[in-house]
Amino acid sequence: MSRHEQAQDNRAPGTGIPAARTAEERAAADAVERAAADAVEEERAVADVEEDRAAEELAAEERALEERTAAERERVAAFRARIGARALIDIHTHFMPERLLAKVWAYFDAAGPLVGRSWPITYRTDEQRRLDVLRGFGVRAFTSMLYPHKPGMARSLNDWAADFAARTPDCLHTATFYAEPGASDDVRRALGQGARVFKCHLQVGGFDPRDSALEEVWGLLAEAGVPVVTHCGSGPVPGAFTGPGPIGAVLARHPKLRLVVAHLGMPEYTDFLALAARHREVMLDTTMAFTGFAEEAAPFPRDALPRLADLGERVLLGTDFPNIPYPYADALESLEERTGLGPAWLRAVCHDNAARVCGLD
């Protein structure tokens, strides 16, 4: 065989590349492919480990949450037994569209200007779990307090609340309004949808309850006899139109308005107790009052307890669930321990008064 023929024979069939070189390149390519496959497999293994770890952590969190909830259910059940109440009615709880609630929680996380202090959210869970928690505490009825912070929000919030109440029979259909043109139309529409409780937040809304845009609103609500839970006290941070003065002027014009002063009017407790004494339709809710968290900044004056006792039929349980920085049971036990007003008063506050006001008897 000639040298030329030997050279041709050493080439890979169908190529002009020497066979030996081709074998080396193939071996190298195979090695690269194996290394790449090994790397992918390693990444998958790492991802599987991380996924398993995340699942284990989530399961541990779920177990811890359920254990805490179970222990708290026992505390609440014991409280109900002590006061002789088979169930509770909470007039001040928050349910709202998830995106809006996430923004509210973010505001609390950042200790925004209207919060003014660290405020961790205890019940930061999905909607169904929050409902399960309340029902597990023996809460027979509750509200979906929502509130607009700017014009143009009220109607869409009310539509959401109407749908929520329709799919949540134990929720007292809640609505809201804002000081803007068309506010009376929004309220009239919400009443037509079946709203049984309204929420007005003067601190967040930043509007004057004496605004002319609300004159017809107050008249409609007074005529309907629907309770209006109103954040009109100056806690935790004063607003331009909080305090007893602005809302007191509204009551002077609409004495039949069934105003529910949120948070017992914190921190102007005595002023709002006096307002309630002057207006027979005015009520107060206990939201956050007497808890250790509230007592640090705005302690309830103990010399005002007799006046609170005298208003026993016009005091309603409220908690601010889920946006509270302590367990639900703390609110109940604090009310029991720091008022010392006894089981009959507590039973009326925690169930009977709201049952009468909301027509649940």
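Reply: What follows takes up pockets, a cavity, sheets, helices and some backbone features in turn.

Me: What kind of model is this, and how are residues counted?

Reply: This is a predicted model, in which local features need pLDDT of at least 70, side-chain atom pairs count only at pLDDT 80 or more, and totals for chains, interfaces and linings use all residues. Residues are numbered from 1 along each chain as its sequence is written, and side-chain values use heavy atoms, with hydrogens and water left out.

Me: What makes a space a pocket, and how much space lies in the largest pocket?

Reply: On a 1 Å grid over the protein atoms alone, a pocket is an open set of points with protein on both sides within 12 Å along at least five of seven lines. A volume is the space filled by probe spheres set on the points, which are joined across faces, edges and corners. A lining residue is one with an atom within 4 Å of a point.

Me: How is the lining of the largest pocket divided by class?

Reply: Ala, Val, Leu, Ile, Met, Phe, Trp, Tyr, Cys and Pro count as nonpolar, Asp, Glu, Lys and Arg as charged, and the others, Gly among them, as polar. On that basis the lining of the largest pocket has 21 nonpolar, 12 polar and 4 charged residues. The second largest pocket has a volume of about 170 Å³, and its lining divides into 4 nonpolar, 3 polar and 3 charged residues. Among the residues that line the second largest pocket are R68, E72, Y123 and P327.

Me: What makes a space a cavity, and how many cavities of 30 Å³ or more are there?

Reply: A cavity is a set of grid points where a 1.4 Å probe fits but cannot get out. The count comes to 1 cavity of 30 Å³ or more. The largest cavity has a volume of about 40 Å³, and T286, M288, A289, L317, G318, A331 and L335 line it. The lining of this cavity has 5 nonpolar, 2 polar and no charged residues.

Me: Why are β4 and β9 called edge strands?

Reply: Two strands pair if DSSP finds at least two bridges between them. The open sheet has 6 strands in the order β4-β5-β6-β7-β8-β9, with parallel pairing. Strands β4 (174-176) and β9 (315-316) are its edges because each pairs on one side only. Within this sheet, 2 bridges join β7 (residues 259-261) to β8 (residues 283-285), and V260 stands opposite M283 in β8.

Me: How do you know that β2 and β3 pair?

Reply: There are 2 bridges joining β2 (residues 139-143) to β3, and at least two are required, so the strands pair. F142 stands opposite C171 in β3. These strands belong to an open parallel sheet in the order β1-β2-β3.

Me: How do α13 and α14 cross, and which residues make the contact?

Reply: The axes of α13 (residues 328-339) and α14 (residues 342-357) come within 11 Å and cross at roughly 145°. Axes are lines fitted to C-alpha atoms, for helices over the stretch in contact, and angles run from 0 to 180 degrees between N-to-C directions. Contact, meaning heavy atoms within 4.5 Å, is made by L335, E336 and T339 of α13 and W345, L346, V349 and C350 of α14. Helix α14 also lies across β1 and β2, running at about 65° to β1.

Me: What makes the backbone at P236, P267 and L264 worth noting?

Reply: Most residues other than glycine have a negative phi, and most peptide bonds are trans. The bond from G235 to P236 is cis, with omega near -5°, and a cis bond also joins M266 and P267, with omega about 0°. Phi of L264 is near 55°, a positive value in a residue other than glycine. P267 lies in the loop between β7 and α10 (269-278), and L264 has its place in the loop between β7 and α10.

Key:
Helices (H or I, at least four residues) and strands (E, at least two) are DSSP runs, numbered from the N terminus.
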